[in-house]
Amino acid sequence: MSDAKVTIVYTPDDTGIAAAGKALAEGRLAAFPTETVYGLGADATNGEAVASIYAAKGRPSFNPLIVHVKSVEHAAEYVTFSDIARKLADRFWPGPLTLVLPRRGDCTLSLLVSAGLATAAIRCPDHPVAQAVIAASGKPIAAPSANPSGRISPTSAAHVYDGLQGKVDVIVDGGNTEIGVESTVLGFTADKAVLLRPGGLPRAAIEEITGPLLAPQAGIITSPGQLSSHYAPNAKVRLNATSVSAEEALLAFGPVPLAGATQTLNLSKRADLLEAASNLFAMLHTLDEAGATRIAVMPIPQEGLGEAINDRLKRAAAPRQS
Ligand code: TXA
Ligand code: MG
């Protein structure tokens, strides 16, 4: 996963757009400008491609990612719009507003973009290059800011190159971004809008439509990146298992799963951390749905994406607030 790539920087002409679209459609990474900051894009329906975003950024945990689409209609293929959400999208898209909405039952977005949540954050960027790249890929595109974890967000192709050279396949250089801060993120509780992240679209513009925005409150809807906003299974989780009992389900890793579990799912038979990351949330869900009450997890190497996988597993294993 640390295998270096050759990063090619393109001008935003037909060749550059086609190269980015092709890379994305094939599960590789492409960085492109939006009106806010440069995004590090991957096919949002391809779990391993999404996992490679976290690997490239060196993110130690899986925060949910924003999915970029062409239009409201495109978004509606994946998430459900309430009346108020629809009004906001009609008014502000394309533009620097992200809406956190329930995933549809038939949603084909990777669970990793939602970090295991039942919602997905989605926005339609107002930048011709971003729009062209999304269209050329034929996919919804997951894209956090195109910077290594912990570094500032990139507003030029040079920033992206400096931070992610060798980790991203394609960069489309569309000059400096206009807004320079990330999009405003809104969630919803009942039909009230909640400001999850202030950003490029000012509060006042939104409040003209929604009335006063709520602040995120613990227990109702939480800001992302926070512990409680992430998926925790119903089952008790035991980490670094080197044996398994007959009362436990097993989340295995590698070619030799421990024997004796009630049920075994393997994060990656070939011990590939990208594959394991892309399976993590989906497999925890599957074990929950199967009614598992105890889950033993085999050790995951603490390298590359293993750090983020172990971070999530540790949270899943932590005592519950209830
Ligand atoms: O301007 C932007 O929004 C940039 C450009 C590239 O479009 N993108 C960006 O993406 O900032 P990202 O993935 O780094 O933003 C993730 C933020 C999280 O910090 C969180 O605030 C929110 O989006 N988010 C994503 N999914 C969520 C979910 N299911 N529930 C709540 N918040 C979510
Ligand atoms: Mg960022």
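The close-ups below show a predicted model, in which local features need pLDDT of at least 70 and side-chain atom pairs count only at pLDDT 80 or more, while totals for chains, interfaces and linings use all residues, and side-chain values use heavy atoms, leaving out hydrogens and water. Residues are numbered from 1 along each chain as its sequence is written, and chains are lettered from A and ligands numbered from 1 in the order in which they are written.

**View 1. Helices α4 and α7 pack against each other at an angle of about 135°.**
Helix α4 covers residues 83-92 and helix α7 covers residues 203-210, where helices (H or I, at least four residues) and strands (E, at least two) are DSSP runs numbered from the N terminus. Their axes lie 10 Å apart; an axis is a line fitted to C-alpha atoms over the stretch in contact, and angles run from 0 to 180 degrees between N-to-C directions. The two helices α4 and α7 are therefore oblique to each other. On the α4 side the residues that meet the partner are I84, K87, L88, R91 and F92, and on the α7 side they are A205, I206, I209 and T210, with contact meaning heavy atoms within 4.5 Å. An α-helix has 3.6 residues a turn, so residues three or four places apart point the same way.

**View 2. Helices α1 and α5 form another packed pair, with their axes 7 Å apart.**
Here α1 (residues 14-25) and α5 (residues 128-137) pack at an angle of about 50°, and α1 and α5 are therefore oblique to each other. Helix α1 contributes I17, A20, G21, L24 and A25 to this contact, whereas helix α5 contributes V129, A132, V133, A136 and S137.

**View 3. Helix α2, residues 47-57, is largely enclosed by the rest of the structure, because nine of its 11 residues are buried.**
Buried means under 20% relative accessible area, exposed means over 50%, and partly exposed lies in between (1.4 Å probe, protein chains only). The buried residues of α2 are G47, A49, V50, A51, S52, I53, Y54, A56 and K57, and what covers them includes the strands β3 (38-43) and β7 (141-142) together with the helices α6 (157-164) and α8 (273-289). At the start of α2, a side-chain oxygen of N46 comes to within 3.1 Å of the backbone nitrogen of E48. After the helix comes G58, whose phi is positive, near 65°.

P60 counts as partly exposed, with a relative accessibility of 35%. The C-alpha atoms of P60 and E289, which are 229 residues apart along the chain, are separated by 27 Å. D311 itself is found in helix α9 (residues 306-317) and counts as buried, at 17% relative accessibility. With residues up to four places away in sequence again left out, D311 touches P60 and S61. The side chain of D311 also makes a polar contact, of 2.8 Å, with the side chain of R312; such a contact is a pair of N or O atoms within 3.5 Å, where within protein one must be able to donate a hydrogen and the other to accept it, and residues adjacent in sequence count only if both atoms are side-chain atoms.

**View 4. E248 sits in the loop between β11 (236-238) and β12 (249-252).**
With a relative accessible area of 2%, E248 is buried. The side chain of E248 makes a polar contact with the side chain of R238 at 2.8 Å, and the side chain of E248 also reaches the backbone nitrogen of S245 at 3.0 Å. Not counting residues up to four places away in sequence, E248 touches R238, A261, T262, Q263, R294 and A296.

**View 5. C124 lies in the loop between β6 (119-123) and helix α5.**
At 3% relative accessibility, C124 counts as buried. Once residues up to four places away in sequence are set aside, C124 touches V69, K70, S71, W93, P94, G95 and Q131. The C-alpha atoms of C124 and G41 are separated by 14 Å, while the two residues are 83 residues apart along the chain.

How values were computed. Angles under 35 degrees count as roughly parallel, over 145 as roughly antiparallel, 65 to 115 as roughly perpendicular and the rest as oblique.
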